[in-house]
Amino acid sequence: RVKILVEINETKEIEFKQFFFLKEQDVYNPSGKVVRSEDEQTKVIKNIASFLNTDGGTLLLGVSDSGKLVGLDREMSALNLHKIEKYLKDLENKVTNLLGDSISKLVRLSSVIIDDKNIVIVDCIASPEPVFMKGENNKYQDFYIRRSSESEALYGYELLKYIEMHFKNK
């Protein structure tokens, strides 16, 4: 399934991210102590929120934007995570923290080994109600949708109209 998704490439329902916890330079050129990147984690979770608020989708972690299977092994090693289960648990905790406990039934995390590389699959089901992400003030306020192969924030009138049109029949 992962190989088929990679062949299809990024679309409205498919997104690739090379890493979740670290920036690329921290994985490939670690200089001293490695610190988890809130920015990288936020970028990934925005994609998850956008899938939930649109028509669902699949996010593959360990796949570059060009569709190359790079795996998460180097990131896991840099973070001193020896088992993929710990990676998945940390990922789940971060997603739940930023999107809320209620989304746990809408997001399924799994992993697969392809060519000796750990790949994480994040399957998202379209939410029956709007999903907001915690913003800088730690309040659920940021709203994202998926347009073509991009996640986009909505505000004001556009946000209200989208919620009214998209969620009224769910």
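**Notebook: helices, rings and a pocket**

I began with helix α5, where Ile84, Tyr87, Leu88, Asp90, Leu91, Lys94, Val95, Thr96, Leu98 and Leu99 are buried. A reminder to myself before going on: this is a predicted model.

**Entry 1**

I checked the length of α5 next. The helix has 16 residues, and from first C-alpha to last it reaches 22 Å, close to the 22 Å expected at 1.5 Å a residue. I also looked at what comes just after α5, and found Gly100 with a positive phi of about 100°.

**Entry 1: the largest pocket**

I looked up the largest pocket and noted a volume of about 260 Å³. Its lining has 13 residues, and the closest to the pocket centre are Thr42, Lys134, Gly135, Glu136 and Asp142.

**Entry 2: aromatic pairs**

I went through the rings next, and the structure holds 5 aromatic pairs. I picked Phe21 and Tyr87: their ring centres are 5.0 Å apart and their planes are at 85°, so the pair is edge-to-face. Where in the chain do these two sit? Phe21 is in the loop between β1 (14-17) and α2 (24-28), while Tyr87 is in helix α5, and the pair links distant parts of the chain, 66 residues apart. Are Phe21 and Tyr87 buried or exposed? Phe21 is buried, and Tyr87 is buried as well.

Phe132 lies in the loop between β4 (117-124) and β5, and Phe143 lies in the loop between β6 and β7 (144-147), 11 residues apart. Phe132 has 25% relative accessibility and therefore counts as partly exposed. Phe143, with a relative accessible area of 1%, is buried. I followed the ring pairs onward and found that they link Phe132, Phe143, Tyr162 and Phe167 into a cluster.

Back at Phe21, I looked for a charge over the ring. The charged end of Arg36 sits there, 4.3 Å from the ring centre.

Most residues other than glycine have a negative phi, and I went looking for exceptions. Asn9 is not a glycine, yet it has a positive phi of about 85°. I placed Asn9 in the loop between α1 (2-8) and β1. At 35% relative accessibility, Asn9 counts as partly exposed.

Ser148 is not a glycine either, and its phi is positive at about 45°. I found Ser148 in the loop between β7 and β8 (150-153). Is Ser148 buried or exposed? With 52% relative accessibility, Ser148 counts as exposed.

**Entry 3: contacts across the chain**

I finished with two C-alpha distances. How many residues lie between Asn9 and Ser149 along the chain, as a separation? They are 140 residues apart, and their C-alpha atoms are separated by 9.4 Å. For Ala126 and Thr54, the separation in sequence is 72 residues, and the C-alpha to C-alpha distance is 6.1 Å. Ala126 has its place in the loop between β4 and β5, and with a relative accessible area of 25% it is partly exposed.

How values were computed
Residues numbered from 1 in each chain as written. Predicted model: local features only at pLDDT ≥ 70, side-chain atom pairs only at ≥ 80, totals over all residues. Heavy atoms only, no water. 1 Å grid on protein atoms, 1.4 Å probe; cavity = no way out; pocket = protein on both sides within 12 Å on 5 of 7 lines; lining within 4 Å. Points joined across faces, edges and corners; volume = space filled by probe spheres on them. Helix = DSSP H or I, 4+ residues; strand = E, 2+ residues; numbered from the N terminus. Expected span 1.5 Å × (residues − 1). Buried < 20%, exposed > 50% of the residue type's maximum accessible area, 1.4 Å probe, protein only. Phe/Tyr/Trp six-rings, centres within 6.5 Å; stacked < 30°, edge-to-face > 60°. Lys NZ or Arg CZ within 6 Å of the ring centre and 35° of its normal.
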